[in-house]
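Thanks for coming. Please have a look at the structure on the screen before I start.

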Amino acid sequence: MKDILRYFPDLTENQVKQFEMLEVLYQDWNAKINVISRKDIDELYTKHVLHSLGIAKIMTFKPGSTVMDVGTGGGFPAIPLAILFPETNFYAVDVIAKKIKVVNEVATAIGLTNLKAEQKRAELVKEEFDFVVSRAVTNMPDFVKWVKDKTKKKNNHELENGILYLKGGDLTEELKDFPKATLYDLADIFENDFFETKKVVHLPLKYKV
């Protein structure tokens, strides 16, 4: 939690409380439904919460904007981002019902009113969003196929509407067909070995892919 406060010092009292509640809630739910690996639960704030918030260091979502989290798992990056941006509307989807149950239970417990979570395949979502976020659910070519028609045409942010993807390792091969992709190294932002190869990939989706 100290790292959250270090990198996001302007949190309100309510936001601090919401972030603090995550540890007990995820430990409790993880004992019933394994949504986070056992070895990672003790590093929840670094490997899941702070990692999710890496997107917030690249993009400040405006009030009223809409964001879809594809393959949210236990609620990452949707829940940390929804806490940080209470006036932005988040929609989290995953094909596994028990994971969506955890997302909804955690969101309710901490009083999140700007997050909706459903068991659904991304391809079946009819709405359009300002941005689509995710944490490495698949390779970028396949991911783009899932979400290429899910973004609004009108841009309201400094970055063009599209994908904000959390991914690690060498992405050269994976992104070779996406010349408009921009990579942001989280190692330049967060001082922790975990982020050494972690990146946020921004891929605008206005152009034909």
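Predicted model: local features only at pLDDT ≥ 70, side-chain atom pairs only at ≥ 80, totals over all residues.

Residues are numbered from 1 along each chain as its sequence is written, and side-chain values use heavy atoms, with hydrogens and water left out.

Helices (H or I, at least four residues) and strands (E, at least two) are DSSP runs, numbered from the N terminus. Two strands pair if DSSP finds at least two bridges between them.

In what order do the strands of the open sheet come? The order is β3-β2-β1-β4-β5-β7-β6, seven strands with mixed pairing. β3 (115–119) and β6 (182–185) are the edge strands, each pairing on one side only. From one strand to the next, the twist averages 20°. Angles here run from 0 to 180 degrees between N-to-C directions, and axes are lines fitted to C-alpha atoms, for helices over the stretch in contact.

Now take β5. Six of its seven residues are buried, and buried means under 20% relative accessible area with a 1.4 Å probe, protein chains only. On one side, β5 runs parallel to β4, joined by five bridges; there, V132 has I163 in β5 as its bridge partner. The chain gets from β4 to β5 through α7, and this β-α-β crossover is right-handed. That word means that, with the strands pointing away from the viewer, the path from the first strand over the helix to the second runs clockwise.

β5 also pairs with β7, in the antiparallel sense, over seven bridges. I163 stands opposite L203 in β7, and L166 has V200 in β7 as its bridge partner.

That leaves α7, residues 140–147. Which of its residues are buried? They are M140, F143, V144 and V147. Seen down the axis of α7, these buried residues fall within an arc of 100°, so they line one face of the helix. The arc is that of the directions from the helix axis to the C-beta atoms.

The buried residues of α7 pack against β1 (66–70), β4 (131–135), β5 (162–168) and β7 (198–204), where contact means heavy atoms within 4.5 Å. α7 runs at about 150° to β5. At the start of α7, a side-chain oxygen of N139 comes within 3.0 Å of the backbone nitrogen of D142.

Terms used: Buried < 20%, exposed > 50% of the residue type's maximum accessible area, 1.4 Å probe, protein only. Polar contact = N/O pair within 3.5 Å; in protein donor to acceptor, adjacent residues only side chain to side chain.
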